[in-house]
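Colleague: I would like to learn how to read a model of this kind. Could we go through it feature by feature?

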Amino acid sequence: MQQLYGIIELEQPIVCSKEVLGTSEPVVVGGVGGRLEFPQAPDWSVPSKDPIRDPLRPPDAARTWKQGDRPMFWGSLASYPDCISRVERMLLLFELPEHEVSASGTLIQRGYGKWWSLFNDYLELITRQRRSQNVQIDGATNNLDLFCWGLDGKADRPYGKDQINIVILMSSDDVSLNSSQLTRITSLASTATELAVELKVQLEAYRALGAGDYRKAIIETAVAAELTLTNAIRSTFLSDKIAYGDKLLEKFRMLGGSCLLYTSPSPRDGLLSRMPSSA
């Protein structure tokens, strides 16, 4: 058997609870079974002088890997002692017969894009991460070049540069990815479970919220709620064998004109219930 590895470098770190660190979840990428492994918590068997600065340890298989001449960086702590962490790399691991490595590698390479897209979609839907801007930069003037021409014909910038402060805003620990959420996310991504239309719309609302586009977030959430309520009502009509259900829906299809809004489950509960329960 031969090990095939894939290092996932995250553009946006995943905020993880301590229970997720060091875990290994089964995945299927491009039809090939493997595992998704998370970095481990720092080793505090010997007390650390500054534990908040201790980097996460790599998965066991990547224990000696380096980037250049330095150990590969897998993430860092966001808070201590609860060990809420910002994971910046994850490891895909596939154990394959030697004669299947090339063919399986091709399948994984081709199927990864779809798997990763679904993983991120479900991560953003199931957790509360990435719904707010969590990096604030004070004192930055990247879009302004202020200068005058000096006697030597070169540009002079006759001012002192203020200190730039980068502030990372952390929400409460209920946004941190936990083990049950991770299992659900990897299962949905590995079975290529497509998002229902209302979930796609709600995901756009969350992303608009994270980008600070509150108007779009409100509009998309309203559309998602309407779709969810319509589906729930239609399902009830079918189960109760109400033949004139479509006419009622036509009359009360918009949220603003329907008293059904107040007798149905909340939009959030309705949306989450649309995800496959098997996961």
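Colleague: In which helix does S104 lie?

Modeller: S104 lies in helix α1, residues 101–126. Helices (H or I, at least four residues) and strands (E, at least two) are DSSP runs, numbered from the N terminus. This is a predicted model, where local features need pLDDT of at least 70 and side-chain atom pairs count only at pLDDT 80 or more, while totals for chains, interfaces and linings use all residues. Residues are numbered from 1 along each chain as its sequence is written, and side-chain values use heavy atoms, with hydrogens and water left out.

Colleague: Is S104 buried or exposed?

Modeller: Buried means under 20% relative accessible area, exposed over 50%, and partly exposed in between, with a 1.4 Å probe and protein chains only. S104 has 8% relative accessibility, so it counts as buried. Leaving aside residues up to four places away in sequence, S104 touches V32 and L96; contact means heavy atoms within 4.5 Å.

Colleague: How do I read the strands, and which residues form the covered face of β2?

Modeller: Two strands pair if DSSP finds at least two bridges between them. Strand β2 (residues 24–29) has E25, V27 and V29 on its covered face, and S24, P26 and V28 on the uncovered one. It runs antiparallel to β3 (residues 32–37), joined by six bridges. S24 is placed opposite E37 of β3. Two residues sit between the strands of this hairpin, in which G30 has a positive phi near 65 degrees.

Colleague: Which residues touch the most other members of the largest nonpolar core?

Modeller: In soluble globular proteins, nonpolar side chains tend to be buried together. A nonpolar core here is a set of buried Ala, Val, Leu, Ile, Met, Phe, Trp, Tyr and Cys residues joined through side-chain atoms within 4.5 Å. The largest one has 40 residues, and L36, F38, M90, W115, F119 and L177 touch the most other members. Elements giving two or more residues to this core include β1 (2–16), β7 (85–96), α2 (179–190) and α3 (197–210). The largest share, ten residues, comes from α1.

Colleague: What does F119 touch?

Modeller: Residues up to four places away in sequence are again not counted: F119 touches I14, L36, M90, L182, I185, T186 and A189. A189 belongs to helix α2 and, at 3% relative accessibility, counts as buried.
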